[in-house]
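Subject: Structure handover

Hello,

Here is the structure we talked about. Please open it alongside this note.

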Amino acid sequence: MRTLVFCLLLALVFPATAAEIKINFGDFSGDHGLTNDFRSALAGGGRPGDWQIVMDDVPSAFAPISSNAPPAMNHIPVLAQLDADPTDERFPMLIYDKETFKDFRLKTQFKIVDGMLEQMAGIVFRYQNESNFYVVRVSALGHNLRFYKVVNGVRGNLVGPPLNVSTGVWHSLAIQCEGNRVTCWLDDNLVMPSLQDDTFASGDIGFWTKSDSVTHFGDTQITYTPVVPMAQLLIQNVLQQEPRLLGLRIYTLDKNGIPHIIASKDPAEVGKAGTASEQGAINKGAIYFGRGKGTVAVTMPLEDRNGDPVAAIRVQMDAFFGETQDSAVLRARMIMQMMQAQIMTGQDLSQ
(Lines give C-alpha, C1' and ligand atoms only; values in the text may rest on other atoms or scores of the structure.)
Protein backbone atom coordinates (compact mmCIF):
# COMPACT_ATOMS: atom_id res chain seq x y z
CA MET A 1 0.00 0.00 0.00
CA ARG A 2 2.84 2.36 0.59
CA THR A 3 6.55 2.60 -0.01
CA LEU A 4 8.60 3.19 3.13
CA VAL A 5 12.29 3.80 2.59
CA PHE A 6 14.93 4.72 5.13
CA CYS A 7 17.72 6.75 3.62
CA LEU A 8 20.60 9.06 4.39
CA LEU A 9 19.86 12.71 3.61
CA LEU A 10 22.29 15.58 3.28
CA ALA A 11 19.78 18.32 4.05
CA LEU A 12 20.70 20.15 7.20
CA VAL A 13 17.09 20.45 8.35
CA PHE A 14 16.98 16.74 9.21
CA PRO A 15 19.29 14.42 11.15
CA ALA A 16 21.76 12.28 9.21
CA THR A 17 19.24 9.41 9.19
CA ALA A 18 15.66 10.20 8.23
CA ALA A 19 12.72 8.31 6.81
CA GLU A 20 10.76 8.80 3.61
CA ILE A 21 7.22 7.81 2.70
CA LYS A 22 6.04 7.98 -0.90
CA ILE A 23 2.27 7.80 -1.28
CA ASN A 24 1.55 6.57 -4.79
CA PHE A 25 -2.18 6.60 -5.44
CA GLY A 26 -1.74 3.99 -8.14
CA ASP A 27 -1.23 1.54 -5.24
CA PHE A 28 -4.83 2.16 -4.15
CA SER A 29 -6.59 1.77 -7.50
CA GLY A 30 -8.41 -1.30 -8.81
CA ASP A 31 -9.32 -3.76 -6.08
CA HIS A 32 -7.35 -1.88 -3.43
CA GLY A 33 -9.11 0.70 -1.29
CA LEU A 34 -8.00 3.61 0.84
CA THR A 35 -9.29 2.22 4.12
CA ASN A 36 -6.12 0.40 5.19
CA ASP A 37 -3.92 3.49 5.10
CA PHE A 38 -6.38 6.40 5.40
CA ARG A 39 -9.47 7.43 7.34
CA SER A 40 -12.05 10.04 6.41
CA ALA A 41 -12.62 12.92 8.83
CA LEU A 42 -14.90 15.95 8.83
CA ALA A 43 -14.58 19.29 10.61
CA GLY A 44 -17.65 21.51 10.71
CA GLY A 45 -20.96 20.34 9.23
CA GLY A 46 -22.38 18.79 6.11
CA ARG A 47 -21.58 15.45 4.50
CA PRO A 48 -18.25 13.65 4.88
CA GLY A 49 -15.94 13.80 1.90
CA ASP A 50 -16.28 11.34 -0.96
CA TRP A 51 -12.63 10.35 -1.41
CA GLN A 52 -11.95 8.18 -4.46
CA ILE A 53 -9.15 7.20 -6.80
CA VAL A 54 -9.75 8.56 -10.32
CA MET A 55 -7.68 8.81 -13.48
CA ASP A 56 -6.27 12.17 -14.52
CA ASP A 57 -3.57 13.65 -16.75
CA VAL A 58 -0.57 14.70 -14.66
CA PRO A 59 2.58 16.40 -16.01
CA SER A 60 5.47 14.02 -16.49
CA ALA A 61 8.48 14.38 -14.23
CA PHE A 62 10.63 14.58 -17.37
CA ALA A 63 11.04 17.93 -19.14
CA PRO A 64 10.10 18.09 -22.84
CA ILE A 65 12.96 17.85 -25.33
CA SER A 66 12.07 21.21 -26.88
CA SER A 67 11.23 24.31 -24.88
CA ASN A 68 8.41 24.97 -27.37
CA ALA A 69 6.85 21.55 -26.93
CA PRO A 70 3.85 21.11 -24.63
CA PRO A 71 4.58 19.32 -21.36
CA ALA A 72 4.38 15.54 -21.51
CA MET A 73 1.42 14.12 -19.60
CA ASN A 74 0.86 10.81 -17.84
CA HIS A 75 -2.65 9.41 -17.41
CA ILE A 76 -2.41 8.03 -13.87
CA PRO A 77 -4.51 7.42 -10.73
CA VAL A 78 -4.90 10.39 -8.37
CA LEU A 79 -6.84 11.08 -5.19
CA ALA A 80 -10.07 13.05 -5.59
CA GLN A 81 -12.63 14.60 -3.25
CA LEU A 82 -15.83 14.45 -5.31
CA ASP A 83 -18.71 15.38 -2.99
CA ALA A 84 -19.86 18.94 -3.81
CA ASP A 85 -21.96 19.50 -0.66
CA PRO A 86 -22.17 23.34 -0.49
CA THR A 87 -22.36 23.54 3.33
CA ASP A 88 -20.30 26.62 4.20
CA GLU A 89 -18.32 25.43 7.23
CA ARG A 90 -17.66 21.97 5.83
CA PHE A 91 -14.08 20.67 5.81
CA PRO A 92 -13.62 17.12 4.48
CA MET A 93 -10.25 15.58 5.33
CA LEU A 94 -8.54 12.30 4.47
CA ILE A 95 -6.04 11.41 7.19
CA TYR A 96 -2.99 9.23 6.56
CA ASP A 97 -3.23 6.63 9.31
CA LYS A 98 0.13 4.86 9.27
CA GLU A 99 2.51 7.27 10.97
CA THR A 100 2.68 10.14 13.44
CA PHE A 101 4.82 13.09 12.31
CA LYS A 102 6.73 15.68 14.30
CA ASP A 103 9.49 17.18 12.14
CA PHE A 104 8.83 16.61 8.44
CA ARG A 105 8.78 18.01 4.93
CA LEU A 106 5.79 17.13 2.73
CA LYS A 107 5.38 17.85 -0.95
CA THR A 108 2.25 17.06 -2.94
CA GLN A 109 0.56 17.98 -6.20
CA PHE A 110 -2.98 19.33 -6.35
CA LYS A 111 -5.48 20.50 -8.93
CA ILE A 112 -8.63 22.48 -8.12
CA VAL A 113 -11.23 21.07 -10.50
CA ASP A 114 -14.56 22.68 -9.61
CA GLY A 115 -16.64 24.49 -7.02
CA MET A 116 -19.29 27.20 -7.09
CA LEU A 117 -18.93 28.52 -3.52
CA GLU A 118 -15.35 27.43 -2.80
CA GLN A 119 -12.35 26.29 -4.82
CA MET A 120 -9.77 25.17 -2.30
CA ALA A 121 -7.07 22.60 -1.64
CA GLY A 122 -4.96 22.10 1.46
CA ILE A 123 -2.91 19.91 3.74
CA VAL A 124 -3.84 19.27 7.37
CA PHE A 125 -0.94 18.41 9.68
CA ARG A 126 -0.10 17.74 13.31
CA TYR A 127 -3.70 16.53 13.33
CA GLN A 128 -4.97 15.36 16.75
CA ASN A 129 -8.65 14.93 15.94
CA GLU A 130 -11.40 16.70 13.99
CA SER A 131 -11.29 19.65 16.40
CA ASN A 132 -7.52 20.16 16.75
CA PHE A 133 -5.05 20.58 13.87
CA TYR A 134 -3.03 22.90 11.64
CA VAL A 135 -3.83 23.49 7.98
CA VAL A 136 -2.23 25.25 5.01
CA ARG A 137 -4.69 25.82 2.17
CA VAL A 138 -4.94 27.75 -1.09
CA SER A 139 -8.07 29.37 -2.55
CA ALA A 140 -8.57 29.99 -6.26
CA LEU A 141 -11.67 32.14 -5.66
CA GLY A 142 -10.14 33.99 -2.71
CA HIS A 143 -6.79 34.43 -4.47
CA ASN A 144 -4.77 33.63 -1.36
CA LEU A 145 -2.83 31.11 0.71
CA ARG A 146 -3.60 30.79 4.41
CA PHE A 147 -2.19 29.01 7.45
CA TYR A 148 -4.36 28.61 10.52
CA LYS A 149 -4.98 26.33 13.47
CA VAL A 150 -8.14 24.84 14.94
CA VAL A 151 -8.15 24.35 18.73
CA ASN A 152 -11.13 22.63 20.35
CA GLY A 153 -13.14 23.37 17.23
CA VAL A 154 -12.36 27.10 17.20
CA ARG A 155 -10.48 28.46 14.17
CA GLY A 156 -7.62 30.85 14.88
CA ASN A 157 -6.36 33.79 12.85
CA LEU A 158 -5.76 33.23 9.14
CA VAL A 159 -2.20 34.12 8.14
CA GLY A 160 -0.85 34.26 4.59
CA PRO A 161 -0.36 36.28 1.41
CA PRO A 162 -2.63 37.09 -1.53
CA LEU A 163 -1.70 35.11 -4.64
CA ASN A 164 -3.29 33.74 -7.76
CA VAL A 165 -3.99 30.02 -8.00
CA SER A 166 -5.33 28.86 -11.34
CA THR A 167 -7.90 26.08 -11.58
CA GLY A 168 -7.75 23.09 -13.89
CA VAL A 169 -3.95 22.86 -13.76
CA TRP A 170 -1.58 21.07 -11.42
CA HIS A 171 0.34 22.92 -8.71
CA SER A 172 2.72 21.78 -6.00
CA LEU A 173 2.37 22.55 -2.30
CA ALA A 174 5.17 21.88 0.19
CA ILE A 175 5.13 22.22 3.98
CA GLN A 176 7.99 21.85 6.42
CA CYS A 177 7.77 21.59 10.21
CA GLU A 178 10.84 21.92 12.41
CA GLY A 179 9.94 22.11 16.09
CA ASN A 180 7.48 24.99 16.34
CA ARG A 181 8.45 26.49 12.96
CA VAL A 182 6.22 26.08 9.88
CA THR A 183 7.38 26.97 6.35
CA CYS A 184 5.48 26.52 3.10
CA TRP A 185 6.06 26.76 -0.64
CA LEU A 186 3.69 26.97 -3.61
CA ASP A 187 5.02 25.80 -6.96
CA ASP A 188 8.51 25.67 -5.37
CA ASN A 189 8.35 29.35 -4.36
CA LEU A 190 8.57 30.35 -0.69
CA VAL A 191 5.27 32.14 -0.13
CA MET A 192 5.87 33.82 3.24
CA PRO A 193 8.33 33.92 6.15
CA SER A 194 8.33 30.94 8.49
CA LEU A 195 5.66 30.95 11.19
CA GLN A 196 6.03 29.83 14.80
CA ASP A 197 3.35 28.15 16.91
CA ASP A 198 3.63 25.88 19.96
CA THR A 199 0.11 24.44 20.06
CA PHE A 200 0.72 21.01 18.50
CA ALA A 201 4.08 19.23 18.73
CA SER A 202 3.21 16.23 16.54
CA GLY A 203 0.28 14.50 14.88
CA ASP A 204 -1.09 13.00 11.68
CA ILE A 205 -1.04 14.40 8.15
CA GLY A 206 -3.91 14.49 5.66
CA PHE A 207 -5.57 16.07 2.64
CA TRP A 208 -8.09 18.90 3.12
CA THR A 209 -10.82 20.65 1.15
CA LYS A 210 -13.71 23.00 1.91
CA SER A 211 -17.42 23.11 1.12
CA ASP A 212 -18.22 22.20 -2.52
CA SER A 213 -14.61 22.18 -3.72
CA VAL A 214 -13.84 19.30 -6.05
CA THR A 215 -10.10 18.79 -5.78
CA HIS A 216 -7.52 16.27 -7.00
CA PHE A 217 -4.27 15.39 -5.24
CA GLY A 218 -1.30 13.67 -6.84
CA ASP A 219 1.48 11.48 -5.50
CA THR A 220 2.91 12.74 -2.24
CA GLN A 221 6.34 12.51 -0.63
CA ILE A 222 7.02 12.93 3.10
CA THR A 223 10.54 13.11 4.52
CA TYR A 224 10.51 13.01 8.29
CA THR A 225 12.33 12.33 11.53
CA PRO A 226 10.71 9.22 13.00
CA VAL A 227 9.05 9.72 16.38
CA VAL A 228 10.60 7.14 18.71
CA PRO A 229 8.06 5.97 21.34
CA MET A 230 9.06 6.16 24.99
CA ALA A 231 8.99 2.35 25.18
CA GLN A 232 11.72 2.07 22.55
CA LEU A 233 13.77 4.77 24.27
CA LEU A 234 13.57 2.73 27.49
CA ILE A 235 14.95 -0.27 25.61
CA GLN A 236 17.76 1.80 24.12
CA ASN A 237 18.70 3.32 27.48
CA VAL A 238 18.88 -0.08 29.17
CA LEU A 239 20.96 -1.57 26.36
CA GLN A 240 23.49 1.24 26.68
CA GLN A 241 24.08 0.15 30.26
CA GLU A 242 23.54 -3.58 29.73
CA PRO A 243 24.73 -4.30 26.17
CA ARG A 244 25.17 -8.04 26.83
CA LEU A 245 21.45 -8.70 27.22
CA LEU A 246 20.37 -11.28 24.66
CA GLY A 247 16.86 -9.94 24.35
CA LEU A 248 14.63 -7.25 25.80
CA ARG A 249 10.99 -6.61 24.91
CA ILE A 250 8.06 -4.57 26.19
CA TYR A 251 4.49 -5.81 25.70
CA THR A 252 1.12 -4.11 26.13
CA LEU A 253 -2.42 -5.39 25.59
CA ASP A 254 -4.43 -4.45 22.51
CA LYS A 255 -8.16 -3.65 22.59
CA ASN A 256 -8.92 -7.39 22.59
CA GLY A 257 -6.65 -8.05 25.57
CA ILE A 258 -3.95 -9.75 23.46
CA PRO A 259 -0.33 -8.84 24.30
CA HIS A 260 1.83 -7.42 21.49
CA ILE A 261 5.43 -6.23 21.38
CA ILE A 262 5.62 -2.42 21.31
CA ALA A 263 9.41 -2.15 21.73
CA SER A 264 12.29 -4.58 21.41
CA LYS A 265 16.04 -4.92 21.13
CA ASP A 266 15.19 -6.27 17.68
CA PRO A 267 12.89 -3.64 16.07
CA ALA A 268 11.67 -6.25 13.56
CA GLU A 269 9.78 -7.92 16.41
CA VAL A 270 7.55 -4.90 17.09
CA GLY A 271 3.91 -5.77 16.48
CA LYS A 272 4.27 -9.51 17.05
CA ALA A 273 1.86 -11.18 19.44
CA GLY A 274 2.93 -12.30 22.88
CA THR A 275 1.99 -15.35 24.91
CA ALA A 276 -0.01 -16.23 28.01
CA SER A 277 3.04 -15.31 30.09
CA GLU A 278 2.96 -11.65 29.03
CA GLN A 279 -0.81 -11.61 29.40
CA GLY A 280 -0.52 -13.00 32.92
CA ALA A 281 2.20 -10.51 33.85
CA ILE A 282 -0.05 -7.60 32.90
CA ASN A 283 -3.39 -8.94 34.12
CA LYS A 284 -2.23 -10.70 37.28
CA GLY A 285 1.14 -9.13 38.07
CA ALA A 286 2.69 -12.60 37.79
CA ILE A 287 6.35 -13.42 37.11
CA TYR A 288 7.38 -16.20 34.70
CA PHE A 289 10.73 -17.94 34.37
CA GLY A 290 12.13 -20.01 31.53
CA ARG A 291 15.46 -21.72 30.86
CA GLY A 292 17.13 -22.44 27.55
CA LYS A 293 20.51 -23.85 26.55
CA GLY A 294 22.85 -21.59 28.46
CA THR A 295 20.19 -18.87 28.78
CA VAL A 296 17.42 -17.77 31.11
CA ALA A 297 14.35 -15.62 30.42
CA VAL A 298 12.14 -13.74 32.85
CA THR A 299 8.78 -12.11 32.11
CA MET A 300 7.46 -9.69 34.72
CA PRO A 301 5.06 -6.74 35.00
CA LEU A 302 6.04 -3.12 34.43
CA GLU A 303 4.04 -0.92 36.79
CA ASP A 304 2.87 2.70 36.78
CA ARG A 305 3.33 5.13 39.66
CA ASN A 306 0.30 3.60 41.44
CA GLY A 307 1.78 0.12 41.34
CA ASP A 308 -0.64 -1.16 38.70
CA PRO A 309 0.77 -3.34 35.88
CA VAL A 310 0.56 -1.46 32.57
CA ALA A 311 2.97 -3.56 30.49
CA ALA A 312 5.17 -6.64 30.62
CA ILE A 313 8.88 -6.95 29.98
CA ARG A 314 10.73 -10.05 28.88
CA VAL A 315 14.43 -10.17 29.66
CA GLN A 316 16.63 -12.85 28.09
CA MET A 317 20.15 -13.30 29.52
CA ASP A 318 23.11 -15.62 29.45
CA ALA A 319 22.94 -17.98 32.42
CA PHE A 320 25.91 -18.16 34.73
CA PHE A 321 27.08 -21.37 36.33
CA GLY A 322 24.67 -22.36 39.08
CA GLU A 323 22.03 -19.79 38.04
CA THR A 324 18.78 -20.27 39.94
CA GLN A 325 15.31 -18.97 39.23
CA ASP A 326 15.61 -16.55 42.13
CA SER A 327 18.91 -15.10 40.89
CA ALA A 328 17.55 -14.72 37.34
CA VAL A 329 14.44 -12.93 38.62
CA LEU A 330 16.63 -10.64 40.75
CA ARG A 331 18.75 -9.72 37.71
CA ALA A 332 15.63 -9.10 35.60
CA ARG A 333 14.08 -7.04 38.38
CA MET A 334 17.04 -4.65 38.25
CA ILE A 335 16.35 -4.14 34.53
CA MET A 336 12.65 -3.60 35.22
CA GLN A 337 13.39 -1.02 37.92
CA MET A 338 15.61 0.96 35.53
CA MET A 339 12.64 1.22 33.17
CA GLN A 340 9.98 1.73 35.80
CA ALA A 341 11.77 4.75 37.24
CA GLN A 342 11.20 6.60 33.95
CA ILE A 343 7.45 6.14 33.51
CA MET A 344 4.45 7.53 35.38
CA THR A 345 1.52 6.05 33.45
CA GLY A 346 0.89 3.44 30.79
CA GLN A 347 0.35 6.22 28.24
CA ASP A 348 3.97 7.31 28.73
CA LEU A 349 5.09 4.19 26.85
CA SER A 350 3.51 5.33 23.59
CA GLN A 351 4.44 9.01 23.79
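How many salt bridges does the structure hold? It holds 16, where a salt bridge is a side-chain nitrogen of Lys or Arg within 4 Å of a carboxyl oxygen of Asp or Glu. This is a predicted model, in which local features need pLDDT of at least 70 and side-chain atom pairs count only at pLDDT 80 or more, while totals for chains, interfaces and linings use all residues. Residues are numbered from 1 along each chain as its sequence is written, and side-chain values use heavy atoms, with hydrogens and water left out.

Salt bridges

Start with lysine 111 and aspartate 56. Their closest N and O atoms are 2.8 Å apart. The pair links distant parts of the chain, 55 residues apart: lysine 111 is in strand S7 and aspartate 56 in strand S4 (residues 51-59). Strands here are DSSP runs of E with at least two residues, helices are runs of H or I with at least four, and both are numbered from the N terminus. Both lysine 111 and aspartate 56 are buried. Buried means under 20% relative accessible area, exposed means over 50%, and partly exposed lies in between (1.4 Å probe, protein chains only).

Next, lysine 149 forms a salt bridge with aspartate 197, with the closest N and O atoms 2.9 Å apart. Lysine 149 lies in strand S10, and aspartate 197 in the loop between strand S15 (195-196) and strand S16 (203-208), so the pair ties together parts that are 48 residues apart in sequence. Lysine 149 is partly exposed at 25% relative accessible area. Aspartate 197 is buried at 15%.

Glutamate 269 sits in the loop between strand S19 (259-264) and helix H2 (276-284), and arginine 249 in strand S18, 20 residues away in the chain. Glutamate 269 counts as buried at 16% relative accessibility. Arginine 249 counts as partly exposed at 22%. Salt bridges with shared partners also join Arg47, Asp83, Asp85 and Arg90 into one network.

Two strands pair if DSSP finds at least two bridges between them.

Look at strand S9 (residues 132-139). Of its 8 residues, 8 are buried, so S9 is largely enclosed by the rest of the structure. Both faces are covered: Asn132, Tyr134, Val136 and Val138 are buried on one side, and Phe133, Val135, Arg137 and Ser139 on the other.

S9 pairs with strand S8 (residues 120-129) over 7 antiparallel bridges. S8 and S9 form a hairpin with 2 residues between them. S9 also pairs with S10 over 7 antiparallel bridges. That hairpin has 4 residues between its strands, and histidine 143 in the turn has a positive phi of about 55 degrees. Arginine 137 has arginine 146 in S10 as its bridge partner. S10 (residues 144-151) then pairs with S11 in the antiparallel sense over 2 bridges.

Cores and helix H3

The largest nonpolar core has 42 residues, and Phe38, Phe104, Phe110, Phe125 and Leu145 touch the most other members. A nonpolar core is a set of buried Ala, Val, Leu, Ile, Met, Phe, Trp, Tyr and Cys residues joined through side-chain atoms within 4.5 Å. Strand S7 (residues 104-114) gives this core its largest share, 4 residues. A second, separate core of 26 residues includes Ala231, Ile313, Met317 and Val329.

Val329 is also one of the buried residues of H3, along with Ser327, Ala328, Ala332, Ile335, Met336 and Met339. The buried residues of H3 pack against helix H1 (230-241) and strands S18 (247-253), S20 (288-292), S21 (295-303) and S22 (309-318).

Threonine 299 is in strand S21. Threonine 299 counts as buried at 5% relative accessibility. Its contacts (heavy atoms within 4.5 Å) include Ser277, Tyr288 and Ile313, not counting residues up to four places away in sequence.

Threonine 223 lies in strand S17 (residues 214-224). Threonine 223 is buried at 11% relative accessible area. Its C-alpha atom is 7.0 Å from that of alanine 18, 205 residues away along the chain.

Best wishes
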